[in-house]
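This briefing is meant for a reader who is meeting the structure for the first time. Please look over the sequence and the model below before turning to the notes.

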Amino acid sequence: MITELGHFALILALCVAVAQSVIPLIGASRGQAGLMDVGRSAALVQFLLIAMAMGALIHAYVVSDFSVINVAQNSHTDKPLFYKVTGVWGNHEGSMLLWVFMLALCSAAVATFSGNLPPDLRARVLSVQGMISVGFLAFILLTSNPFLRTWPAPENGQGLNPVLQDPGLAFHPPFLYLGYVGFSVAFSFSVAALIEGRVDAAWGRWVRPWSLASWCFLTIGIALGSWWAYYTLGWGGWWFWDPVENASLMPWIVGTALIHSAIVVERRETLRSWTILLAIVTFSLSLVGTFLVRSGVLSSVHAFAVDPRRGAFILGLLVVAIGGSLTLYAFRAPALKGGGLFAPVSREGALLLNNILLATCAATVFLGTLYPLFLDAVNGPKISVGAPFFNRTFVPLMVPVLVAMAVGPLLAWKRGDLLAAMQRLWVAFAAAVILVLAVLYATSGGPVMAILGLGLALWTALGVLAEWAERVKLFRVTPAQSWKRAVHLPRAAMGMTLAHLGIAITVAGISAQAFQQEFLGMVQVGTNFPLASYMLHLDKVERVQGPNYIADEASIEVWKDGHLVATQHPQRRYFKLQDQTTGETAIRSGLVSDLYLALGDPDESGAWTVRAYWKPMVSWIWLGGLVMAFGGMVSLSDRRWRVGVATKRQAAMPQLAAGE
Amino acid sequence: MRKLIYALPVLLFATLAGYFILALQPGYDPRALPSVMIDKPAPAFKLAGLKDDGISLEGFKGHPVVINFFASWCVPCREEHPLLMRLAEKEKIPLYGIDYKDRPEDATRLLAQFGNPYRSVGLDQDGRAGLDFGVYGVPETYVIDGTGRIRKKFTGPMTAKQVEQELLPILKQLSGGV
């Protein structure tokens with residue numbers, strides 16, 4: 001009964017979405033306030049209906065109603081309650097429902113918090129949001145309906161993929177989807193602006209917080225996914241350049257460019273058509289990402305639905321959404337007026353450089369991800385593009401991004417003084433060079449790229465701190481005055497400092513991985529094996545019974561300088577229902593280094609495969625991601641987003657937060 | 001002319017959509033790795049060696065061999081490595097490696113650190129041999145019989161189960177039954 005209510009609510013939501021996409025648009029073109037307001041109420045009603053559908057599906061999972069096909073295929077009575085709930089989005093149908101739920105949440109937020117937006121712009125934005133919703137709701141109801149029943153109901157479910165029974169993965173999709181879907185708002189604003197033919201500072205001020213919030217969620221989502229891969233896959237790797245990982249990285253890179261160029265629109269009212277294009281491309285890449293994963297066009301560990309019919313439907317959606325918006329762009333963008341001029345060496349110039357570099361990075365990843373597909377489509381050989389391609393193209397492209405990141409914020413708007421900016425950074429430069437030389441000396445003949453990476457990370461961090469010190473006049477006024485200045489810095493400026501520091505932290509973590517040490521081999525119970533400065537001792541391997549698996553659990557003692565530091569318990573779990581074996585790694589994590597242990601297959605002599613890694617600073621990779629997202633949120637709390645688009649204040653604004 | 005620049009994104013997208021339509025042709029299954037190579041003569045190759053004179057298809061004539069494509073940058077290969085070590089030491093299978101798109105010094109370091117399960121390693125730095133074999137991703141393992149035909153292919157790291165149930169039986173059959 002509840003399931004049917006959910007199904008019904010979803011169908012109603014589709015009807016409401018149709019109304020939301022048509023009526024406000026008509027209202028906006030005729031200037032009828034009543035029709036325009038339909039957008040707001042429709043968005044709220046749609047959100048409630050989809051929330052009901054979502055609740056109904058969760059209910060079916062919690063009570064293990066196996067007459068619902070989706071539940072029977074993906075759940076099991078033995079599953080812990082937590083994974084019954086998260087299993088809702090661990091499959092294709094449920095994850096698509098989560099997708100539209102997030103979309104409805106964003107639309108409802110626009111409807112609620114857009115009191116000071118011009119009514120016609122708001123109506124058009126909500127209408128575009130409604131169109132996207134129509135497409136995806138129709139997709140769910142026609143090709144991927146999670147509410148279909150089967151009779152007679154099977155006695156028990158087929159369970160969830162054991163690899164997916166994990167807290168990291170439970171929260172990875174919601175964050176990722178919030179990020180993906182959040183960019184739909186920037187997209188809708190862009191399409192609405194193209195329809196109106198008007199892009200001003202107010203538009204920039206609206207698009208930027210939305211993009212920034214989505215970007216924060218996407219950052220967390222990607223970091224969670226990477227962390228999950230690290231601790232669960234048992235190879236000690238944290239990024240595999242897997243097509244699905246790339247699908248989330250591409251919108252992140254272009255989204256990063258977008259949140260930077262939106263600053264230029266807001267402050268200087270220039271780079272408008274470029275920013276609009278970025279907003280369209282960011283959301284398009286989110287859609288392409290969904291398409292690649294859902295249609296299984298690229299085979300990958302993530303692709304859990306290989307179904308060309310669904311692929312064809314999503315392709316249709318892509319053609320309408322992306323093709324339509326880009327066509328609109330082709331016709332309307334040339335009419336947009338260019339904004340203020342600026343010298344190549346200026347804040348705008350630096351942001352433009354950032355955009356060009358990031359766009360190139362995204363294009364590189366795009367090419368590397370889709371090239372095998374193109375080759376295959378023309379009946380070429382099947383190949384996969386692996387890490388070597390990305391290491392040779394993506395990594396060198398990131399070098400100028402980091403170099404410029406330290407300099408850019410020190411340049412003035414319109415016309416900057418590169419020499420003066422560089423002079424203020426000489427300390428950072430000298431420190432970076434010294435670090436590079438020191439590490440080179442210490443490791444003589446070590447991995448050069450990694451050492452350069454560490455130097456770059458330091459350069460970036462010190463450059464960011466130098467800019468911050470400049471703002472608070474550190475050492476030039478009394479510490480108390482500096483403190484006061486630091487506390488009263490615009491939140492946007494604090495956010496930038498934090499986010500840029502986050503990048504430096506991540507880059508340092510990535511670079512340090514070149515110094516990891518590993519042990520791989522067969523270990524007899526009761527024997528020792530060395531790793532880095534540790535001596536490890538395989539004490540015993542025992543059989544243990546889990547809720548829906550049996551496991552071999554090893555006890556590995558970690559000795560350092562003759563002292564027992566810890567005893568670690570990596571497991572090898574066997575899930576009988578799925579006849580599948582997964583590894584459960586044991587990681588001793590810290591800021592300095594991680595000790596990573598994974599247990600593999602035994603051989604007939606009683607020896608066990610053990611993989612052990614010593615990974616210096618590996619947690620910095622995800623820590624940096626969190627710092628970036630935190631910086632984004634701090635920037636979101638900036639006063640000027642809350643004071644709204646008071647045009648009278650605009651003249652006073654630039655000085656207030658002059659140096660974002 | 002200036003207007004054309006604004007139309008560029010939509011034109012690029014049209015090209016892309018065209019490719020997607022091609023890729024979605026009915027009957028196209030991205031997971032079905034080509035099995036056309038099975039029971040066909042293996043592509044001829046002659047590769048410089050990491051430590052010795054190298055390996056070639058010609059040189060393998062007369063007895064079955066197992067060829068494993070690997071690389072130092074490949075994470076799943078490390079997963080597979082202890083298994084290969086065991087196969088080489090305990091089962092004494094005729095295992096040869098092809099180092100795929102890799103630098104020789106990195107491969108040397110890998111084998112020095114974790115042990116060398118291969119009787120000989122050929123270098124495929126430009127990926128040419130991998131292309132001829134249709135290597136989709138490393139690791140990939142091929143069983144080639146004494147007449148130079150590919151008899152079996154494993155994509156991704158082999159599991160202990162696959163080795164027990166598939167690799168060892170076919171090797172036994174090839175070396176005993178011919």
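This is a predicted model: local features need pLDDT of at least 70, side-chain atom pairs count only at pLDDT 80 or more; totals for chains, interfaces and linings use all residues.

In chain B, attention goes to an open sheet of five strands and to B:Ser175, a residue that is found in helix α5.

**Chain A: overall build**

- The secondary structure of chain A comprises 21 helices together with ten strands.
- Along its principal axes, the C-alpha trace of chain A extends over about 80 × 75 × 55 Å.
- Of the 660 residues in chain A, 51% are counted as buried.
- When contacts in chain A between residues at least 6 apart in sequence are considered, 74% of them join residues that lie at least 24 apart.

**Chain A: domains**

- Chain A is divided into domain 1, covering 1–165, domain 2, made up of 171–336 and 349–369, and domain 3, covering 517–617.
- The centres of domain 2 and domain 3 of chain A, taken over C-alpha atoms, are separated by 39 Å.

**Chain B: the five-stranded sheet**

- The strands of this open sheet in chain B follow the order β5-β4-β3-β6-β7, and their pairing is mixed.
- Strands β5 (121–124) and β7 (150–155) of chain B stand at the edges with a single partner strand each, and therefore one side of each has no neighbour in the sheet.
- From one strand to the next, the twist averages 20°.
- Strand β6 of chain B, residues 140–144, pairs with β7(B) in the antiparallel sense over five bridges, and within this pairing B:Val143 has B:Lys152 in β7(B) as its bridge partner.

- Helix α5 of chain B, which holds B:Ser175, runs over residues 160–177.
- B:Ser175 counts as partly exposed because 14 other C-beta atoms lie within 10 Å, a number between the limit of 12 or fewer for an exposed residue and that of 20 or more for a buried one.
- Once neighbours within four places in sequence are left aside, B:Ser175 is in contact with B:His63 and B:Pro64.
- B:Gly148 lies 27 residues from B:Ser175 along the chain, and the C-alpha atoms of the two are separated by 13 Å.

Terms used:
Residues are numbered from 1 along each chain as its sequence is written. Chains are lettered from A and ligands numbered from 1 in the order in which they are written. Helices (H or I, at least four residues) and strands (E, at least two) are DSSP runs, numbered from the N terminus. Two residues are in contact if their C-beta atoms, placed from the backbone, lie within 7 Å. Domain bounds come from an automatic or database domain assignment. Two strands pair if DSSP finds at least two bridges between them. Axes are lines fitted to C-alpha atoms, for helices over the stretch in contact, and angles run from 0 to 180 degrees between N-to-C directions.
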